[in-house]
Amino acid sequence: MNATSSKSNGVASLLCTTLGHRYTVTRRVTNHINEYRCKRCGCEMTDNLSGYLERLDAKSRKINEALAQLFEKKAKRMATQ
Ligand SMILES: [Zn+2]
């Protein structure tokens, strides 16, 4: 991201620590797994396979990418049957 958003992150993340993050869904990976972004501080989270929220980093992004492809294939197969 750009420098402006990381600059404002300090105050925003302080607010988030006290009040909690304000997540919006940024991407639907599967029926059960979504990716979220906090409207305030911009931090990104994802549901993991165990059903917990975890930070969306390079590793979880990769996992979600693979899951999304699997899910899409499965959905297509179901649709043609
Ligand atoms: Zn936040």
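Student: What pattern does the chain follow along the sequence?

Tutor: Read along the sequence, the pattern is α-α-β-β-β-β-α. Here helices (H or I, at least four residues) and strands (E, at least two) are DSSP runs, numbered from the N terminus. The chain has 3 helices and 4 strands.

Student: What makes the chain more spread out than a compact globule?

Tutor: Set the value against the rule. The globule rule is 2.2 Å times the number of residues to the power 0.38, and the radius of gyration is taken over C-alpha atoms. For 81 residues the rule gives 12 Å; the chain has 15 Å, well over that, so it is more spread out than a compact globule. The C-alpha trace spans about 50 × 25 × 20 Å along its principal axes.

Student: What kind of model is this, and which cut-offs apply?

Tutor: This is a predicted model: local features need pLDDT of at least 70, side-chain atom pairs count only at pLDDT 80 or more, and totals for chains, interfaces and linings use all residues. Residues are numbered from 1 along each chain as its sequence is written.

Student: How confident is the predictor in the chain?

Tutor: pLDDT is the predictor's confidence in each residue, from 0 to 100. The chain's mean is 89, and 90% of its residues reach 70 or more. Over residues 1-5, however, the pLDDT is below 50.

Student: Why is helix α2 said to lie largely in the open?

Tutor: Start with the term. A residue is buried if 20 or more other C-beta atoms lie within 10 Å of its own, exposed if 12 or fewer, and partly exposed in between; C-beta atoms are placed from the backbone. Helix α2 (residues 9-19) has 11 residues, and the number buried is 0, so it lies largely in the open. Across the 81 residues of the chain, 6% count as buried.

Student: How do you know that β1 and β2 pair?

Tutor: Two strands pair if DSSP finds at least two bridges between them. Strand β1 and strand β2 (residues 34-38) are joined by 5 bridges and run antiparallel. Tyr23 stands opposite Cys38 in β2. A hairpin joins the two strands through 5 residues.

Student: What about β3 and β4?

Tutor: Strand β3 (residues 44-47) pairs with β4 over 3 bridges, in the antiparallel sense. Met45 stands opposite Arg55 in β4.

Student: Why are β1 and β4 called edge strands?

Tutor: The 4 strands form an open antiparallel sheet in the order β1-β2-β3-β4. β1 and β4 (53-55) each have a single partner strand, so one side of each is left without a neighbour in the sheet.

How values were computed: Contact = placed C-beta atoms within 7 Å.
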